[in-house]
Amino acid sequence: MNTFAVIGVLAGVAAATGAASVTAYKMTSADAYAEVLRVTPLVAAIESPHGGNAESDISEHTWGCSVRYRIGRETGIVRMDHDPGDRIPVRDGRLVVSDIRAIEMGPDPGAQ
């Protein structure tokens, strides 16, 4: 094998090792999760009549949560069916949620 071929192989190995290292770093970096800043329960009032009686019972039902989160310097809001805890997984800059009904509301309008 000539010198140029050896140098080419070594350069290829070094490039592949560097790319794998960057990928591994990105997978374990702090940006792999969004920080949950605030969880607000979403509550609906449900009115239950008492048959012929004019009075009715009003009960509250929590049907989900509005979640304010931060990824890096950006904040946003997502509506979920449960409290996600302290953090939400992120892949390719987007939240990874198991709730198929989650609605990403976009940037937090209160963010500066």
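Student: Is Glu 60 buried or exposed?

Tutor: Buried means under 20% relative accessible area, exposed means over 50%, and partly exposed lies in between (1.4 Å probe, protein chains only). Glu 60 counts as exposed because its relative accessibility is 69%. This is a predicted model, in which local features need pLDDT of at least 70, side-chain atom pairs count only at pLDDT 80 or more, and totals for chains, interfaces and linings use all residues. Residues are numbered from 1 along each chain as its sequence is written, and side-chain values use heavy atoms, with hydrogens and water left out.

Student: Where is Glu 60 found, and with which residues is Glu 60 in contact, leaving aside neighbours within four places in sequence?

Tutor: Strands (E, at least two residues) and helices (H or I, at least four) are DSSP runs, numbered from the N terminus. Glu 60 belongs to strand β2, residues 56-71. Contact means heavy atoms within 4.5 Å. With neighbours within four places set aside, Glu 60 is in contact with Val 43 and Ala 44. Between the C-alpha atoms of Glu 60 and Leu 42 there are 10.0 Å, and the two residues are 18 apart along the chain.

Student: How many helices and strands are in the chain?

Tutor: The chain has one helix and six strands, in the order α-β-β-β-β-β-β along the sequence. Of its 112 residues, 19% count as buried.

Student: Which residues make up the largest nonpolar core?

Tutor: In soluble globular proteins, nonpolar side chains tend to be buried together. A nonpolar core is a set of buried Ala, Val, Leu, Ile, Met, Phe, Trp, Tyr and Cys residues joined through side-chain atoms within 4.5 Å. Here the largest one has 11 residues: Ala 34, Val 36, Cys 65, Val 67, Tyr 69, Ile 71, Val 78, Met 80, Ile 88, Val 90 and Leu 95. Two or more residues come from each of β1 (33-49), β2, β3 (74-80) and β4. The most come from β2, which gives four.

Student: Which residues lie on the covered face of β4, and which on the uncovered one?

Tutor: In a regular strand the side chains alternate between the two faces of the sheet. In β4, Ile 88 and Val 90 form the covered face, while Arg 87, Pro 89 and Arg 91 form the uncovered one.

Student: In what sense does β4 pair with β1 and with β5?

Tutor: Two strands pair if DSSP finds at least two bridges between them. β1 and β4 are antiparallel, with three bridges, and Tyr 33 is opposite Pro 89 in β4. β4 and β5 are also antiparallel, with two bridges; there Arg 91 is opposite Arg 94 in β5.

Student: What is found in the loop between β4 and β5?

Tutor: Asp 92 lies in that loop, between β4 (87-91) and β5 (94-95). The hairpin has two residues between its strands, and Asp 92 has a positive phi near 55 degrees, although Asp 92 is not a glycine. With 76% relative accessibility, Asp 92 counts as exposed.

Student: How many salt bridges does the structure hold?

Tutor: Side chains of opposite charge can pair when their charged atoms come close. A salt bridge is a side-chain nitrogen of Lys or Arg within 4 Å of a carboxyl oxygen of Asp or Glu. The structure holds one, between the side chains of Glu 35 and Arg 70 (3.0 Å, N to O). This pair links distant parts of the chain, since Glu 35 is in β1 and Arg 70 in β2, 35 residues apart. Glu 35 is partly exposed at 40% relative accessibility, and Arg 70 is partly exposed at 31%.
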